[in-house]
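Hello! Here is the structure I promised to pass on to you. Please have a look at it first, and then read on for what turned up.

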Amino acid sequence: MARDPKHDVLFEPIQLGPKTMKNRFYQIPHCNGFGSEKPLSQAYFRAMKAEGGYGACCTEYCSISPESDDTHRMSARLWDEGDIQNLSIMCDMLHEHGALAAAELWYGGPHAPCMESRCVPRAPSQIPSDFEHLTYPKEMDKDDIRDVQKMYVDAAIRAREAGFDIVYVYGSHSYLPQQFLTPYYNKRTDEYGGSFENRARFWRETIEQVREAVGDDCAIAVRMSTDMFIGEAGTQLERDCLPFVEMVDEIVDVWDINVSGISEWGEDATPSRFYESGRQLPWQAAVTAVAKKPVLGVGRWTNPDMMADAINSGKLDIIATCRPSISDPFLPQKIDEGRLDDIRECIGCNICISRWEIGGPPLICTQNATAGEEYRRGWHPERFTTAENADNDVLVVGAGPAGMECAMILGKRGMRRVHLVEAQDDMGGIMRWIPQLPGLGEWARVVNYRKIQLDKLKNVEFIPNTRLDAEGVKTYGAEIVIVATGAYWAKDGLNGCSHDTIPGADASLAHVLTPEQIMVDGKSVPGNKVVIIDNDGYFMGVSLAEKLASEGKHVTLMTHLGHIAPYMHFTLEAPNQHRKLHSLGVEIVTYHLPTKIEAGGVTATHVFDVEGHEHTWDTDATVLVTQRRSDEALYRELKDSVGREGLEAEGVEALYRIGDCEAPRLTADVIFSGHRLAREIDTENPEEPLPFIRERRVPDAETVKRELSRIKEQRAREAVPA
Amino acid sequence: MKLVVAVKQIKILGDEVEFTADGRDVDPDFLDRALNEWDACATEEALQLRERLGDCEVVVVTVGDDESEGALRRCLAMGADRAIRVDARTLDPITTARALAGAVMGESPDLVLCGVQSADSVQGATGVALAQLLGLPRVAVVNRVEWSGSGPATVQRELEGGLVDVVEVDTPAVLTIQTGINQPRYANLRAIKQAEQQEITVVPAADEGSPAFTVRRMFAPPRGEGATMLDGSPAEVAQSILDIVRERLA
Amino acid sequence: MSVLVVAEHLQGRVRDVTYELITAARELGGPVVVAVIGSDPGSLDVNRTGVDEIVHVRVEQEEFESDVYQHALEALVNERRPRAVLLGFTVNSMGFAPAVATKFGLGLATDVFALALEGASVVATRAFYGSKVHGEVEFVPDEPVVLLLRPTAWAPSLDAGQATTTEHELAPIVSRARHKEFTEAPKGDVDITTADFLLSIGRGIGEQESIPQFEELAEKLGATLSVSRPIVDAGWMPSSRQVGQSGKTVKAKVYLALGISGAVQHLAGMKASDTIIAVNTDPEAAIFGVAHYGAVADLFDVAEELAKIA
């Protein structure tokens, strides 16, 4: 297939200072949990996108000094020789694929709590961070300013040595240079505060110094937020950003433009729940109109027509992606080859971001099970080895996300025949109805992508409208059976707080409902008042609250936790979700656990009330979002009743289960479980995941010996003579 | 009681195409093969009749090379009892019908089912041509079959626009079956594997006779010049659209 | 040499395809003869400009029966030896025309959408491989060729004509497949893959609240409502209505797309439709690349106007 000429503009090279980028696809700085201390994971991760056609790939935010330490969150670091060496691997690999490497030099100020380094961050004014509330900075005097500017210069020199082609002076997300520019952070009365010129001074000077140090060899990039959405105290487009661009354009080689500060940066990394692709274009276009240098920006871009249009209409020069590059590192190549229906589109769930927000774990992706696994498990999103036991037929029972993923990868690994059998009339399982919750329409891409891929696989057949029982599975004729029958919401109020059911919680009654009953069965929610009991902590409770409140019900959302939907803080969806619920008049009750459910009301006690006083909420209906249960009946019958012998007698040599029917979990994880089993279907014991590489230091025997002998010598010296 | 179903292994072209050197056909490298959807429905109808009537054998017949046995094996996996391949390569519906006629006649069928058309050639003629050679009554484009097993059958023809023509047809007869009449059953892996092992009778073709047509040239359809744009106010655009719609639906 | 057209009629009305056959017949040159087979052929008007002769074949049966039409056609072919016999590629014609060609060893081609006369030979163009390629086909020389023409491929001949009329006597026919009655097809679940006319809406409609307006428009137009993927993803319509690679592939006679930009997965599901009309505010929308007719206009404005005149 050939590239659509409409997309040719995306493949035109562009000059960034002394460097040429081969096309308009730019992987914007973003976190992956690997930093400089897991150098091979880092390098493999970035290189995969370069292999997939990206013209430039960036590190995540890259600390220039131990004073900028974001532990527990993982940043990259360029403090010393070891960091240079580690990050040079990434640069070399990117260069092999013809991509430029960029380092986003970062100083966080008080937003970086320095929990490992125990340093004190510096900042224009001493105000505790609005992001890390316990961290106070030291207020910078002139010496401090010089010191920190020198940190940027030294880090830039290290970056050049490591092989980076592009070096950032990064201010977006309310980091140090932008703190100087912004009255919210900068209360200074010297020449670094007050007027626009003064507030811009630090950033301008730093850019000048970095340019002078490395500007002949590296392109200088500036990442700036055009508007923090907090009114006059924050950065504003016309008052601060555009004048800054005009002031500094000459000494910048490329502008990286976005919106928002740090405390609500979901306005930048927009969840699909609230924003469509290209949300930031108006701000980005405003900068492009004023800047003479190239401008790049993100927009959760997945549609090449929109990308081409952004460039052709003069709003952006370069298409930057973060999340779409995670869900499909090969996006550029697929557009180049005209294989648009092979693009695995980002669904905007922000699960990837949630891992960084939690602090520590490597990123994961709902759509792309190989994200983060490039090195530690050696997985390539587009390449699959033929299974050594390919000469077998596989039955996958259940075409939800886990079953679909597993069947797809087994198909790509050349299994002789794969039958994906589903009781409903179409694929998707749980992802058929979840996308119908308010705002989640783009999540259906999980199903759409796999449907198209499965349809292309000649060795995979999809069989709907067929509910298999144990007998049917046993006699199906497959050598390998994989059960993927999913999970369901508890009908009896079983929950992770009391570890018990709730008296009166019985979803067979008219006034008690589960999410599936509402969304799939169409069970009517009686009356006008409804209480949703949410012990889950992610999106189901709030989504149903939004849906029912939008339909005119009076909704009370009750949780035993201190916050509703705490996980949505990590996905950056919390602020807008709260606003939505507030505007819909949803009553939120925290710290309460129900003690009984009746036809007219729900009675609950405060979890910290030692005397257990009960309060009753009037309600016509109660929705149980207490916990999920694995639908493991089929698997148990096959494993326990039919047993290994019974299965082998019918030719079934292996029985596995994947996804929610093993244990309920995030969609990203059920897809991972299906993917992993398929990748490892030909190992000795596929049920057990193969060990993954942990990048860690294992001191050699010599070093250990030396450390031990030091102790011996010390003790010998201190031994008291008789 | 014997039901014979004539099936075809169709050739599917993807988005790319190249032609043979003589320009009269598509390069086979660009073709995938599959059981014709209409014939799957015809086979399913025969299987359902077998279930209703009892004591009945379902025999599937195709004309083609040995790669076309895939279609037969699919039908066997669905539950057909026997399969016959007439070893010939035919390019038009009448030649195909002649090739089928001998094998079908040899089975002395009580009912012959074919698909209305094949998804690749879309001739819609083979079934009725076959009926002529067999000297049997025929009804084309059938979407419902009611038959007690003897005497006339009552079938429905699906006419354009949703009207249904109820027809009484003497048996033995040939019926060409329309999709939508049923949902062809799936075959599980066991049935597919068993079908792999089953023997298929291969018979030579009878004389070809003169073809219904010969292809003198095949070519990629000319790319349209892009849409004809309709100008004017929304009211004018709406009128243009309505005119086009009425003309095309006639 | 003459061209014989077999008129098609149903429940007392001549079907429009007959007039298209007349146009095609005129292109082939030679006298155009239109045969009307039925119990009251005189009541069916096929007198159009270009028709030289109308032959009434009076039979017992008012409605189509395949043996009756076969006998009638065979008699006319034997008597007239026309260069070509033209019929519509319709359910009726499929039910008997191939039998005639088979019996006499005549040429036969169906779903023909272009014709040419090269010297004394007819050359027809039809599609192959599921319409992805076209092919020119030739026939046995010196035998009449039976051609089933694609409806709407020729414009209908509408002006009144001055044909002569003859009566053709036919011996009684044993009809082995007999018409009993007509009924309506039961209305089951919507099957967009069999609809002739699809009104298809996409994310351009904005909100769920707009859907009833388009449901009403579809009904007024006699169209079946279908949708592109974003509508189904949002839960506004069931997936049985979805056109596209992860939905259904359709090949409608008329596909009217309002507010659909044309994602590649959607185009794959509908581009084989005979006539595609697209309305979109974006002149660069990909759907204009596969549409036969397009309008850069506001879909709500156009929809409103359509509702007034439909």
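In chain C, the centres of domain 1 and domain 2, taken over C-alpha atoms, are separated by 35 Å. Domain 1 of chain C covers 3-168 and domain 2 covers 192-309; such domain bounds come from an automatic or database domain assignment.

Before you go further, this is a predicted model, in which local features need pLDDT of at least 70 and side-chain atom pairs count only at pLDDT 80 or more, while totals for chains, interfaces and linings use all residues. Residues are numbered from 1 along each chain as its sequence is written, and chains are lettered from A and ligands numbered from 1 in the order in which they are written.

Chain A is divided into domain 1 (5-358), domain 2 (393-486 + 631-679) and domain 3 (490-630). Between the centres of its domain 1 and domain 2, taken over C-alpha atoms, there are 41 Å. Ten residues of domain 1 of chain A are in contact (C-beta atoms, placed from the backbone, within 7 Å) with ten residues of domain 2 of chain A. On the domain 1 side, these are four nonpolar, two polar and four charged residues. Here Ala, Val, Leu, Ile, Met, Phe, Trp, Tyr, Cys and Pro count as nonpolar, Asp, Glu, Lys and Arg as charged, and the others, Gly among them, as polar.

Now look for an open sheet in chain A: five strands in the order β16-β15-β14-β17-β28, with parallel pairing. Strands (E, at least two residues) and helices (H or I, at least four) are DSSP runs, numbered from the N terminus, and two strands pair if DSSP finds at least two bridges between them. β16 (460-463) and β28 (654-657) of chain A each have a single partner strand, so one side of each has no neighbour in the sheet. From one strand to the next, the twist averages 15 degrees. Five bridges link β14 (393-397) and β15 (417-421) of chain A, and Val394(A) has Val418(A) as its bridge partner in β15(A).

What about chains B and C? 69 residues of chain B are in contact with 69 residues of chain C. Helix α6 (residues 234-249) of chain B gives the most to chain B's side, with eleven residues. That side divides into 44 nonpolar, 13 polar and twelve charged residues. Strand β9 (163-169) of chain B also runs antiparallel to strand β13 (177-184) of chain C, joined by seven bridges; Val166(B) has Glu181(C) as its bridge partner in β13(C).

Happy exploring!

Conventions:
Two residues are in contact if their C-beta atoms, placed from the backbone, lie within 7 Å. Axes are lines fitted to C-alpha atoms, for helices over the stretch in contact, and angles run from 0 to 180 degrees between N-to-C directions.
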